[in-house]
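Biologist: Could you walk me through how to read a few features of this model?

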Amino acid sequence: MSNSTDTRYCHRCSYVFLKFTLFGYAIIWWLIGGFILAIGIYAEVERQRYKTLEGLFLAPAIILIVLGIIMFIVSLIGVLASLRDNITLLKVFMYTLAVCLLLELLGGVLALVFRNQTVELLNKNIRRGIVNYYDDLDFKNIMDFVQKKFKCCGGQEYKDWEVNMYHGCSAPGPLACGVPYTCCVTTKPNEVANTLCGYKVLEKQRLDLIDTIYIRGCTDAFFIWLMDNYKIMAGVLLGILLPQFFGVIVSWLYITRVEDAISEYGHYMDGLLASNAHKRQTRRQGHMAKWFGCMPEID
């Protein structure tokens, strides 16, 4: 057994407490990841069934599948690492969480620093979606919700709807030179809007449409909403970042605790990855270690 001076301060933390905290943390996110993945797969099957837009832009199903796969795999590593006390898996889990956390922070900082480029990229992608508005049910539902929620129309402005083949001024039919009814101004809650309320509005001047449609673009409307509701957004950001930070801290503490235990008790072999683990001589261990087969062996 090594000297007490060689054992780090984390020796004061309960091994069992850290183990079950990390295991509970990982298993919760593993279940959430599996649930998100299942929803994404179901949504993608429905998307292919109804032959919506082939592109991946703003496809919720694809986003859910990718997010679910990442959460499922990373959390599974955390579950196995916490059960088996495998230092390599513990470090992979901790570093993966740390990298994801840093990438999210870096992405947020870059989006703020290059705000104009971010807005332009967003507007460009919205215009691409508007082109296929009636073909992509996913985008259509998202755009209708955003326009009604934020009282806006189009991406940069309402004239973005000119790029749609049905709303272009050169198109035939009653939708020509118009906008979807979700752009129309409503004066009463749950009011049923006239589906042709945006008829020929693209031919009129901006100031003439104030009482007819929302003339502000959805990009500007969304950023204005963010500034007006900064407390809510701060809460959402903390809700996303703090659990990851908590996972990094708990993983780090647990790694140091396991390393202290290895240093204290001497010989250690993980039963999950060692091919000859079954040949080891049975040694004296506590009841908790026998349940999980994870405590360092005591000579």
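Biologist: What joins the side chains of aspartate 144 and tyrosine 133?

Modeller: A polar contact is a pair of N or O atoms within 3.5 Å; within protein, one must be able to donate a hydrogen and the other to accept it, and residues adjacent in sequence count only if both atoms are side-chain atoms. Here such a contact, at 2.4 Å, links the side chains of aspartate 144 and tyrosine 133. Before we go on, this is a predicted model, where local features need pLDDT of at least 70 and side-chain atom pairs count only at pLDDT 80 or more, while totals for chains, interfaces and linings use all residues. Residues are numbered from 1 along each chain as its sequence is written, and side-chain values use heavy atoms, with hydrogens and water left out.

Biologist: Where is aspartate 144 found, and which residues does aspartate 144 touch?

Modeller: For the first part, helices (H or I, at least four residues) and strands (E, at least two) are DSSP runs, numbered from the N terminus. Aspartate 144 is in helix H5. For touching, contact means heavy atoms within 4.5 Å. Leaving out residues up to four places away in sequence, aspartate 144 touches Tyr133 and Thr182. Then there is burial: buried means under 20% relative accessible area, exposed over 50%, and partly exposed in between (1.4 Å probe, protein chains only). Aspartate 144 counts as buried because its relative accessibility is 8%.

Biologist: Which residues have C-alpha atoms separated by 6.6 Å although they are 242 residues apart along the chain?

Modeller: Those are tyrosine 15 and arginine 257. Tyrosine 15 belongs to helix H1 (residues 15-49), and it is buried because its relative accessible area is 9%. The side chain of tyrosine 15 also makes a polar contact of 2.3 Å with that of aspartate 85.

Biologist: What is the phi of aspartate 85?

Modeller: Aspartate 85, though not a glycine, has a positive phi of about 55 degrees. Aspartate 85 sits in the loop between helix H2 (60-84) and H3, and at 0% relative accessibility it counts as buried. Lysine 200 is another non-glycine residue with a positive phi, of about 60 degrees. Lysine 200 lies in the loop between helix H5 (137-149) and helix H6 (218-228) and is partly exposed, with a relative accessible area of 23%.

Biologist: How far apart are the end C-alpha atoms of helix H3?

Modeller: The expected span of a helix is 1.5 Å times one less than its number of residues. The 27 residues of helix H3 (residues 87-113) should therefore span 39 Å, and the end C-alpha atoms are 38 Å apart, which agrees. At the start of H3, a side-chain oxygen of asparagine 86 comes to within 3.1 Å of the backbone nitrogen of threonine 88. The buried residues of H3 are Ile87, Leu89, Leu90, Phe93, Met94, Leu97 and Leu101.

Biologist: Where is threonine 219 placed?

Modeller: Threonine 219 is in helix H6. Threonine 219 is buried, with a relative accessible area of 3%. Apart from neighbours within four places in sequence, threonine 219 is in contact with Val119, Leu122, Asn123, Ile126, Gly155 and Gln156.
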